[in-house]
Amino acid sequence: MISSQHTSAKQFQVRVLRQDGPGQENRWEVYKIDHEPDMNVISVLQRVAAKGQTIDGRASSPVAWDCSCLEEVCGSCTMVINGRVRQACSALVDRLLEDKPGEIELRPMTKFPVVRDLCVDRSRKFRALQRVKAWVPVDGYNDMGAGQKQSMGEQEESYPLAQCMSCGCCVEACPQYQKVEVIREAGESDEAFEARKNEAYDNSFLGPAAISQAVLFNRNPTGKMNADERLEALKGPGGVHACGNAQNCVSVCPKGIPLTTSIARAGRAVTVYSIKKWFGS
Amino acid sequence: MAQQKVVVVGGGLAGLSASMKLAELGVAVDMISLVPVKRSHSVCAQGGINSCNDQTRQLGDSEWKHFDDTIYGGDFLNHQPPVKEMAYWAPRVIDLMDRVGVTFNRTQEGFLDRRRFGGTLYKRTAFSGATTGQQLLYALDEQVRRREAEGAIRKFEAWDFLGPILDDEGVCRGVVAQSLLTMEIRSFPADAVVVASGGPGLIYGRSTMSMVCTGSAASRCFQAGAKYGNPEFIQVHPTAIPGADKLRLMSESARGEGGRVWVPRTPQDTRAPQDIPDSERYYFLEERYPEYGNLVPRDIATREIFDICVNEGLSVENDRMCVYLDLTHIPREELDRKLSGILEIYEKFQGVDPRDTPMKIFPAVHYSMGGLWAGYERSADGGLVSGSPDNQLTNIPNLYAIGECDYQYHGANRLGANSLLSCIFSGLFVAPGIRNLLSSHKQAASELPSSLFEGAVKQHQERHDLLLGRTGGSENPYLIHQELGNVMTRAATVVRRNDQLAEAYQQVSDLEARAQKCSLSDTGNWTNQNVVFTKALIDMFPIAKSIVKGALQRDECRGAHFKPDFAMPSLKSTDDAGRREEAEGWCDRFAANTDKWLKSTVVSLKDNEPDITYEDIDTSSIPPRPRLYGLVGAEVIDEVWTERLRQKQATQPEAAQPEAVAGSA
């Protein structure tokens, strides 16, 4: 049960690290919020938006943040809350106040370029999925009958990996995953900017989620037919060898995905693949 | 001719399946989505996806029966050809999802496992843990990413669709959209546009829908002249967890495993629920429905919970409507064994263990059966003509609607596990028709005079600048949204009364006028969520008014639309002859009501007011019959109706013979 000590508190403070746009200075703003039952960080941000002023009475534009499903299944609302990366929707105010009475601190993830306030650009996550070819390369979408049979055990091993919502928690916690921020140049076209961004991403670490997706598709009965292409990506620059085995990823994953198991598997598969390739078989 | 292009608005199951199929057919696609497509609302679907399958077939199931269950469940308001086509495609849709890597649960032998859902006797539902929607969405997202890597699809994620571009003849030639980051407004010339933007749950304030489900994309098409079908048919789920930010679904299985629904007899009793003795608890479902108890059908449970809070004032809390759903009398081990998945959801979001403390739940708006009006080309066997450019086409040439934002598949009420199917099916099925449409065009949209596109951008830029520049406005868009949600939830959800609906129409119109006076707290031109939300809010009103007006005018009960003043009564007679006579009268009344109301509501917007006409429904495969669940005297009514149907068919031999006749299940 929620401790009565905090539910009876009438107000609490929210400290938000704000930034107006990419490459700009950030600053802290503090808001005072009336406590309501069953609040989560999303409802706190909604109250901040409706309120429109800081604790010292200055007018304040609504804090920008991403959210969609609010059920911890879309991955949108990931941010750093009281120093821990997680989804804002499942971050309950009463629990947060139990751990740190009186104040909640919100900041954007540090491994992605800030778009504005708590919004970050996670396109590198999706680019990484392209790099490892995280899909089943079916011939086409015509009616070709059912897929291959799979055992219950195989499904039970694949399903947890398939729940990855590309939220970014694992890479935020990963010491090897460094922020890559490409600033748009004046007059640069969309295509040119996109190409420059992708080039920078493609030379940097894939991160645990993408490695785990490569493992997922190399397990799929059809996906394994082009396992080598994925192993090639895992072997390349920023591949699985960049992992420093800190094991932070698995401890912050909101879905409990066995990321370190995936990484170990990927590492072994890359080794075997490299040896085979060395002998030309 | 320059390269032709299709713009797909929305990246949920429908938009993704349309895009990947179009790409396969060699058509270039631009996708426009508010969120990265992987974060679309389809991720929220838990239960599964229906199809007749090898297991159920052995037990007498068929595609025809899936078709019949969907029509019966929809209370015959669905046009039958699209539903028939969908049911016959369903096994193939699931095969394809299996092939593209969806991690469906398996049987011992390695086949797809199936579960049973509401509205059918068969285990038709394939599922992937408790996150089937997420798994289907990811598999399609992966296929689209693959096509994107090949250069066949371009994604514009974090872009807001502002409206279709129509030429002087009213033909759709592209769309205008706005970047949510840079706020740049840009035109996208297109030879066809597919709107797959999902449902309008946010019109009700909080619902089970995601925050992106504002209905704004459908509304912008509606305002541009597209017709809207069956707006008043909104599905409400009986048990959701009322959160301060959204309403999260609580599965029906909680009641299935013995959960009891109650409220304190003293309004807003301040004691903890455990401290309230049994004698002071009102187990209203058990008292009002001694036979069914807590397991009354979904719509009845919804209506009773609503009634106890709204009309009886017995809500557990004062400022928030909810009742207790109590599992605490069931041993912990049993709960852990049978219900751990859903109980964890409650625990995660409420911070309370439902094994110790009764859950607080309330019905929540869940799905819109209505949506943009779309047509089809009927085949000789009562299905659809594959590859016809008329399938899923709105009344605006070149503008298509698929998925939840199209009104065609679910009639007056949607069956569980049919929505994922309708989204993927309509997406896959629309693609060959669009390819054929494009082959018939003589000119690519990108070759049209640039003035057409520049004019459209200018118009939207002016609207945007006007909103940003508005100073001294007295209204806050977030508060108006709350008020709209309250009005809509009160009048246009579970129980509908004409006086309340008429009042609500006025209130919604007043709110609409006030929304025009919103001033923004953010007037910047970088990632301005304030202005994006305000635009979406303003665009909620045309659909909100259509929902209310559609409900006001439809004086009957059908599926999710329930008006107690027009409910068909149970039979009262106790002797056989009296019952028979009463049943005859009942059937006369039912037949007259069918003649009058078995019609689609079709709305066009005239001078910003909804203008309603009614359109006949294609019931060529399955003749309408009464839904009799829980009605006293159902068997007699069923008998009379079936006799009448047989007589009619004897005199009209060309009418199709239904395999399944009237049922009272």
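**Exercise 1.** State how much area is buried between domain 3 of chain B and domain 4 of chain B, and what share carbon and sulfur atoms give.

*Solution.* Buried area is the accessible area (1.4 Å probe) that two parts lose on being put together, summed over both. For domain 3 of chain B and domain 4 of chain B this comes to about 700 Å², with 49% given by carbon and sulfur atoms. The model is predicted, so that local features need pLDDT of at least 70 and side-chain atom pairs count only at pLDDT 80 or more, whereas totals for chains, interfaces and linings use all residues. Residues are numbered from 1 along each chain as its sequence is written, chains are lettered from A in the order in which they are written, and side-chain values use heavy atoms, with hydrogens and water left out.

**Exercise 2.** Locate the two domains and count the residues in contact.

*Solution.* The domain assignment, whose bounds come from an automatic or database source, places domain 3 of chain B at 465–553 and domain 4 of chain B at 572–651. Eight residues from domain 3 of chain B and eight residues from domain 4 of chain B take part in the contact (heavy atoms within 4.5 Å).

**Exercise 3.** Identify the salt bridge across this interface.

*Solution.* The rule (a side-chain nitrogen of Lys or Arg within 4 Å of a carboxyl oxygen of Asp or Glu) finds one salt bridge across the interface of domain 3 of chain B and domain 4 of chain B. B:Glu609 pairs in a salt bridge with B:Lys545, their closest N and O atoms being 3.1 Å apart.
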